[in-house]
Amino acid sequence: MFLSKLDSLKNAQKLISDNQKFTDVEEISIYDAHKRVLAEDIIAFHDSPPFDKSAMDGFAVIAENTFGASQSLPKEFKIIDTIGAGDFSDKTVGENEAIVIATGAPIPDGANAVIMKEYTTTDGDDLTIYSQVTPGENISPKSEDIKKGEKILDKNTFIRYQELGLIASAGYDEVKVFKKPRVKVIITGNELVEPTKEEIDKAKIINSNQFTIKAMIEDSGAIAEIGHAGDTFDEVKEAILEASREFDVIITTGGTAISKGDVVLDVVDDIGEILFHGVAMRPGKPAGAGIVNGKMIFTFSGQPVAAMGQFDVFARKFLFEMQGRSFDFHIVERESQLKVPSQLGRTDFIRAVSDDEYAKHVLNRGSGIIRSMVEANSYIIIDENDEGYQKGDIVDVVFFDSLLW
């Protein structure tokens with residue numbers, strides 16, 4: 001299959017969006033729910049806290065009995081009981097009476113405030129206080145955090161550690177989440193060998209793409225499995241067909257140059273549908289995508305940096321949104337410290353080192369130079385309608401860290 005006309009980046013992204021797929025729902029233990037996406041609303045089964053509780057260690061008292069107390073004019077109380085964490089008292093606090101109370105323990109009947117231990121002294125059952133409290137002071141009221149029957153989290157919420165605590169407080173030990181997509185990565189190329197400390201045969205090259213793409217898939221909340229195929233039509237066809245039956249998404253690297261006889265695109269054209277092949281972007285012009293047996297297939301370059309860029313531009317959003325989580329580039333503005341050339345009609349993703357104020361592109365920018373991605377921490381994005389920037393111009397920047405799941 002040969003397509004000579006380059007698609008615009010926006011059109012290529014739209015074609016992918018128009019074919020967005022979604023994973024099924026599964027119910028998992030809350031212990032395994034960190035960094036998953038809710039597939040249901042969370043409705044509280046309980047109030048939290050379930051009762052008025054003490055916000056600190058101290059003494060439960062009637063606040064009005066403490067009014068006027070000070071260092072120079074202390075007031076005397078009688079201790080009638082003690083409440084530890086997880087315990088309660090069946091006694092009622094009366095005038096000038098107090099109950100010892102631990103943080104988190106239920107407020108006893110009659111009391112309406114807690115005075116901190118630091119403002120008191122004791123002698124047996126005799127309590128002397130040196131400060132006053134107001135009604136409700138140092139008490140966490142019932143349902144302060146969560147009210148029974150209240151919707152506290154929406155479907156499609158990304159579960160961080162904060163949400164885990166809220167879900168647990170609401171009474172859930174299991175939650176419904178979107179399944180992680182299973183992605184098959186098919187590395188093509190007869191020239192590729194595994195990493196080795198030994199001398200490599202002439203015309204061979206270490207297969208680094210399998211490691212970078214696998215890690216990027218995992219950084220998108222998905223599960224990756226690596227496979228390999230030679231550069232023959234039949235071998236690539238067999239690998240893609242098998243993957244389309246067992247996996248949710250397929251990613252290939254290699255065999256996608258904008259030239260006649262590209263084996264991967266020939267296979268996709270034969271057994272499925274090509275959405276696009278060739279995009280006006282740099283790096284990563286030979287990016288392609290298609291549908292095989294209802295599954296999305298991304299065909300990326302064999303050049304490592306190009307493949308990484310293609311993944312960020314096309315596959316990352318698809319994998320996020322498969323799981324009910326929205327994704328868009330978080331673009332910030334920075335001042336360019338160098339001139340950045342480009343050309344009209346092409347979107348450039350320039351590797352850069354950026355901080356809170358400035359962005360400076362990495363000078364060594366070949367699509368096969370992996371070190372350039374290590375030295376960079378961001379992309380400068382040059383829109384297809386711009387011809388580049390001068391030193392001192394304000395540029396659009398996306399930090400690599402903002403792309404992570």
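## A first stop: Asn138

Asn138 sits in the loop that links strand 9 (126-129) and strand 10 (139-140); strands (E, at least two residues) and helices (H or I, at least four) are DSSP runs numbered from the N terminus. Its phi is near 65°, a positive value in a residue other than glycine. Asn138 counts as buried, at 18% relative accessibility, where buried means under 20% relative accessible area, exposed over 50% and partly exposed in between (1.4 Å probe, protein chains only).

This is a predicted model, in which local features need pLDDT of at least 70 and side-chain atom pairs count only at pLDDT 80 or more, while totals for chains, interfaces and linings use all residues. Residues are numbered from 1 along each chain as its sequence is written, and side-chain values use heavy atoms, leaving out hydrogens and water.

## More backbone features

Asn156 also has a positive phi, near 80°. Asn156 lies in the loop between strand 11 (151-153) and helix 2 (161-169), and is partly exposed, with a relative accessible area of 36%.

Two prolines are worth a look too. The peptide bond from Ser48 to Pro49 is cis, with omega near -5°, and Pro49 belongs to the loop between strand 2 (42-43) and strand 3 (53-54). Another cis peptide bond joins Arg282 and Pro283, with omega about -10°; Pro283 is in the loop between strand 19 (281-282) and strand 20 (288-292). For background, most residues other than glycine have a negative phi, and most peptide bonds are trans.

## The overall picture

Stepping back, the protein has 7 helices and 28 strands. Its radius of gyration is 31 Å, well over the 22 Å that the globule rule gives for 405 residues, so the protein is more spread out than a compact globule. That radius is taken over C-alpha atoms, and the rule is 2.2 Å times the number of residues to the power 0.38. The C-alpha atoms fill a box of roughly 95 × 50 × 45 Å along the principal axes. Buried residues make up 46% of the 405.

## Inside the core

The largest nonpolar core has 49 residues, of which Ile217, Ile251, Phe298 and Phe314 touch the most other members. Such a core is a set of buried Ala, Val, Leu, Ile, Met, Phe, Trp, Tyr and Cys residues joined through side-chain atoms within 4.5 Å. Helix 6 (residues 304-322) gives the largest share of this core, 11 residues.

Leaving aside neighbours within four places in sequence, Phe298 is in contact with residues including Ile16, Ile251, Phe314 and Phe318 (contact means heavy atoms within 4.5 Å).
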